[in-house]
Amino acid sequence: MRDTLSDRIVGIIIYAVLSVILLVVLYPLVFVASASISNPLTVLRGEMWLFPKELSFVGYERIFANREILTGYGNTILYTALGTSLNLIMTVLASYPLSRKDFAGRHAITAFIVFTMFFSGGLIPTYLLVKNLGLVNTMWALIVPGAVSVWNIIIMRTFFQTSIPNEIQESAAIDGCSNFQTLWRIVLPLSMPIIAVMILFYGVGHWNSYFNALIYLNDRELYPLQLFLREILIKSEVDQMAGSMNASTQTYLMEAEAIKYAIVLVANVPVLLLYPFLQKYFVKGMMIGALKG
């Protein structure tokens with residue numbers, strides 16, 4: 001069937017709008033990447049718009065020579081891996097029973113869990129609880145308090161209800177599978193789309209998190225990368241507002257500008273590399289898990 005003139009016009013408009021959106025989304029990424037390898041002076045003067053100008057790798061040299069930034073990078077990878085693993089386990093163990101029709105009281109338990117999504121104890125009670133548990137100034141203060149997300153429990157529960165036929169689980173029970181064996185051998189292998197979504201949601205959340213570290217951590221050896229990035233950005237802004245500048249100060253500010261762009265790129269590369277591998281699962285999982293509650 002050939003497209004009509006109106007179909008072609010609509011197609012052209014859609015492609016034009018999507019192209020504009022692509023440019024709006026892509027330009028900041030290209031600009032940061034180009035600024036990280038350009039002469040900081042050209043960036044400060046506004047001479048660098050898109051492509052690198054006067055190549056300079058001083059930002060990356062300072063980053064990989066700074067032990068604290070490398071320590072923060074390693075800490076962030078550790079916190080993200082442990083936190084995402086714990087989040088995934090807890091979310092699966094909470095979602096699967098709530099998706100079973102033969103689980104008595106599941107609606108009441110779901111309502112109780114959802115209640116905590118709208119009403120929380122607040123920052124101070126949470127801090128006191130973490131302190132009384134002896135988690136302050138440990139990496140577990142960044143992992144345990146956020147071990148599970150109510151919103152993600154609802155998404156995964158909905159996926160189990162709408163995408164895993166109940167007949168399959170009944171057949172497994174007839175064949176002698178326990179509930180745990182049904183979950184491990186049947187449900188999880190069929191749930192890769194939603195698992196990929198959860199990995200991306202939780203992983204990005206842990207990778208970008210800095211507020212909990214700011215509250216609970218005192219030892220710089222435990223700081224995540226985002227906290228060091230925050231310090232660099234704040235210090236750069238303060239130094240720029242500080243009165244007169246001599247030559248050494250100007251050199252320092254130019255290097256700080258290069259470091260700022262370089263560390264933003266270095267901090268986001270792992271997430272950017274992860275998404276293409278999960279993309280096919282991500283789209284499918286988001287659509288199916290959002291059908292109905």
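Predicted model: local features only at pLDDT ≥ 70, side-chain atom pairs only at ≥ 80, totals over all residues.

Residues are numbered from 1 along each chain as its sequence is written, and side-chain values use heavy atoms, with hydrogens and water left out.

**The chain as a whole**
- You will find 13 helices and zero strands in the chain; helices (H or I, at least four residues) and strands (E, at least two) are DSSP runs, numbered from the N terminus.
- Of its 293 residues, 34% count as buried, that is, under 20% relative accessible area with a 1.4 Å probe and protein chains only.
- Contact means heavy atoms within 4.5 Å; among contacts between residues at least 6 apart in sequence, 71% join residues at least 24 apart.

**Helices H7 and H10**
- Two packed helices are described by the angle between their axes and the distance between the axes.
- The axes of H7 (residues 150-163) and H10 come within 10 Å and cross at roughly 170°, which makes H7 roughly antiparallel to H10 (an angle over 145 degrees).
- Axes here are lines fitted to C-alpha atoms, for helices over the stretch in contact, with angles from 0 to 180 degrees between N-to-C directions.
- On the H7 side the contact is made by Asn-152, Ile-155, Met-156 and Phe-159, and on the H10 side by Pro-193, Ile-194, Met-198, Phe-201 and Tyr-202.
- By class, this contact has eight nonpolar residues, one polar and no charged; Ala, Val, Leu, Ile, Met, Phe, Trp, Tyr, Cys and Pro count as nonpolar, Asp, Glu, Lys and Arg as charged, and the others, Gly among them, as polar.

**The largest pocket**
- The largest pocket has a volume of about 400 Å³.
- Of the 20 residues lining this pocket (those with an atom within 4 Å of a point on a 1 Å grid), Leu-142, Pro-145, Gly-146, Ser-209 and Asn-212 are the closest to its centre.
- Helices H4 (67-99), H6 (123-132), H10 (192-208) and H11 (211-216) are the elements that each give two or more residues to the lining, and H11 gives the most, with four.
- The lining divides into twelve nonpolar, eight polar and no charged residues.

**A closer look at His-206**
- His-206 is found in helix H10, and at 17% relative accessibility it counts as buried.
- Leaving aside neighbours within four places in sequence, His-206 is in contact with Tyr-79, Thr-80, Gly-83, Thr-84, Asn-87 and Leu-142.

Notes. 1 Å grid on protein atoms, 1.4 Å probe; cavity = no way out; pocket = protein on both sides within 12 Å on 5 of 7 lines; lining within 4 Å. Points joined across faces, edges and corners; volume = space filled by probe spheres on them. Buried < 20%, exposed > 50% of the residue type's maximum accessible area, 1.4 Å probe, protein only. Parallel < 35°, antiparallel > 145°, perpendicular 65-115°, else oblique.
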